[in-house]
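Subject: Handing over the two-chain model

Hi,

Here is the structure I promised to pass on. My notes on it follow below.

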Amino acid sequence: MPVDRQPQTVRKAVVVGGNRIPFARTGGAYTKSSNQDMLTAALDGLIARFGLQEERIGEVAAGAVLKHSRDFNLTREAVLGSALSPETPAYDLQQACATGLETVLGLANKIRLGQLDSAIAGGVDSASDAPIAVSEGLREVLLDLSRAKTLPQRLQILARLRPKDLAPDAPSTREPRTGLSMGEHQALTTAQWNISREAQDELALNSHRNLAAAYDAGFFDDLLTPYRGLTRDSNLRPDTSPEKLASLKPVFGRSLGSEATMTAGNSTPLTDGASTVLLASEDWADAHDLPKLATVLDGEAAAVDFVHGKDGLLMAPVFAVPRLLARNGLTLDDIDYFEIHEAFAGTVLSTLAAWEDEKFGRERLGLDGAFGKVDRSKLNVNGSSLAAGHPFAATGGRIVATLAKMLHEKGKAGGRPALGLVSVCAAGGQGVVALLEAYSAGTTAGDIHD
Amino acid sequence: MTSGQHLILGEMPSLSKLYVNAAATAARRRILGSHAAAVLPAVSHEVRDVRPDVENLTAYQHLLGETASDVLPAGFIHALAFPVAISVMNRDDFPLPLLGMLHLRNVIEYSRPVRFTEPLEIVARAETLRAHRAGTQVDIAVEVRAAGESAACWCGVSTYLAKGVFLPGIDKASATAAPQGFTAPDPTGLWQLGVDTGRAYAAVSGDFNPIHLSVLSARALGLRRSIAHGMYLASRALADVGSAKGDAFRWDVEFEAPVFLPARVALDISTAESVDGGWQRSDYVAWSPRSGRKHFSGSVAAL
């Protein structure tokens, strides 16, 4: 007998709120905390803030970039360790530094399709408690040993071990196909777009000043729970100055022909931390008497051919954003807040430079001219990764929760709900970008293409 | 805890010194004979401004299977307060020998989550000396308060047995009913405890009692092999109950057969829910899957 199926409709996915733990510089307050510890801490803070104890959430998705093999079910284990109902399903996702943002988009889409009513997106990373693998040589010997049946076989296998096999294999930010670290890749891009040292230092300075001002204004009071004695991101330097930043020696791009401009001050440090975002349908949020800060409108992923230098490693968002905005009938001028992840100051500035470049717009983006100009007063207004730090998979959740609150506070702009753009670059030449809008009942800019 | 003397210790006593002193006292009593009266010292010991070490907290949480949150696990507070409790049992006027005492039972009421950043005050005293069919038992009662608060946030009572010690003036206990036969239920969990389990818990709890550390040190005290700390076992069961237990709970454990290391321990945790589906209590029991002997049992219940 045929069953009457509900017609597939697209509904709104809203950001209810977020919670993260302060981000800590590697080797600091979270040195001994595992990814699972930090993700659970961020999750428990979210649960406490929104009264989700023993609640069965539709699905939880999170991930980590640097991941122990024992953490194969990291998110589910964090859920089991949290105050959520143990009947809450969860899955892990990994897309390098775009992990956090991709969990938001994937879950928001499930909510929009009616597959979920509530969801928690998140991410975590520890560069302190990083997994260390045994060398390939030792790994092969150990696996062969476990299959050996006789003593002579075992001895023969053990005899293959060489001293060099005992050296452990630590993770690095090196790109597998080029052997260049992420910083070295960005140094190439920074030089290619003629980004000055002064411009990079200025962006870093603004990041610290904006983040410090946001903390002072209490902006993060309902976005953060203290952990291991930290109440603020430990990388934040409210008192940094142009002079201090100018005094730092370059660390990336020193072997390039041009002047090296990237320092520890205008690059993000390795960081530990976790973030979470609560997403819901409008009905679920209303039924639980919870706020609806922003609507997740749309997202776009892009990748570039960086391996032989056609584009810079971290330039994929340069292509993703024009596609995303075109699909939604928007231009850069329509955006009220830009959240461009500061992997390096050079990444943000190269991105802006590419969008302002006539030739690049015509030849690479297929436009009539330059894509457009980002109003710098709307860029990372509450600070970003240069000041907060960047625990890889946790950055997406930090940005989405921050932006959702900003959009909610802004409300309307020019008679329509305020719009925010998120852009996150990632290893492997990838990038994920997303469009959010201040929540308002009724139609939205996102309906244009629905 | 208001009657009698109140002794404020300047700092947290050192457990290793207490154990050495206890050994010396034991030797002295063996030579000179015991003149202990059958009364407990009417004194409580207090240590103030106790600040848990966060690195030690993390190591404890990881070993016991707790998430490394900022809230102190109930068993961690027991370990934190343990030197104060032992200092009472190590007094010259304490009538029972400290070394060789068996932990029979433990009851803890944890009335609110305590964070590692809160300075704590810990008070311990001995209570209720009484007979046991195999010797004499005593309760060590401990209260933990956050500095500046009048109500305790954590109260624990540990019952210890001095086996074979019968004090004058304390009547021999009437023979209690034979222990009920135990039929193991289907397990919900299985623990593999390595031979280093005692050393690992000693490192995070500070309880380096030789009976837990190695075969040799345990043999020196008359055991055939080292045994797991009772509070290690009970704390793992508490961690297994998980976050369902909420913010305020009563946790008790009754120890029966010791767990000789290495060992496999089977565990069953059964949960009782209220009509609205909320958690009310979890009962746990652990046994040897090989012999079927019960090792310990207890419960965690909402306060």
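Two strands count as paired if DSSP finds at least two bridges between them. Strands (E, at least two residues) and helices (H or I, at least four residues) are DSSP runs, numbered from the N terminus. Please keep in mind that this is a predicted model: local features need pLDDT of at least 70, side-chain atom pairs count only at pLDDT 80 or more, and totals for chains, interfaces and linings use all residues. Residues are numbered from 1 along each chain as its sequence is written, while chains are lettered from A and ligands numbered from 1 in the order in which they are written.

Let me start with chain A and its strand S14. Strand S13 (residues 419–426) of chain A pairs with S14(A) in the antiparallel sense, over eight bridges. In this pairing A:Ser423 stands opposite A:Val433 of S14(A). Three residues lie between the strands of the S13(A) and S14(A) hairpin, where A:Gly428 has a positive phi near 80 degrees. S14(A) also runs antiparallel to strand S9 (residues 294–303) of chain A, joined to it by nine bridges. There, A:Glu300 is the residue opposite A:Val433.

From first C-alpha to last, H14(A) reaches 22 Å, close to the 22 Å expected (1.5 Å times one less than the number of residues). Just after H14(A), A:Gly411 takes a positive phi of about 70 degrees.

On records, UniProt places "domain: Thiolase C-terminal" (unreviewed entry) at residues 310–437 of chain A; such annotations may be inferred rather than shown by experiment, and feature names are shortened. That span is 39% helix and 19% strand, and its end C-alpha atoms lie 34 Å apart. For residues 14–283 of chain A, UniProt lists "domain: Thiolase N-terminal" (unreviewed entry). Here the chain is 36% helix and 15% strand, with end C-alpha atoms 10 Å apart.

Now for chain B. An open sheet of eleven strands runs in the order S1-S2-S4-S5-S6-S3-S8-S11-S10-S9-S7 (chain B), with mixed pairing. Strands S1 (5–9) and S7 (189–193) of chain B each have a single partner strand and stand at the edges, so one side of each has no neighbour in the sheet. S1(B) and strand S2 (residues 43–50) of chain B run parallel, joined by five bridges, and B:Ile8 stands opposite B:Glu46 in S2(B). Helix H3 (residues 74–89) of chain B packs on the sheet, touching several strands, including S1, S2 and S8 (249–255) of chain B; contact means C-beta atoms, placed from the backbone, within 7 Å.

Finally, UniProt places "domain: MaoC-like" (unreviewed entry) at residues 198–275 of chain B. This stretch of chain B is 33% helix and 23% strand.

Best wishes

Note on methods. Two residues are in contact if their C-beta atoms, placed from the backbone, lie within 7 Å. Axes are lines fitted to C-alpha atoms, for helices over the stretch in contact, and angles run from 0 to 180 degrees between N-to-C directions.
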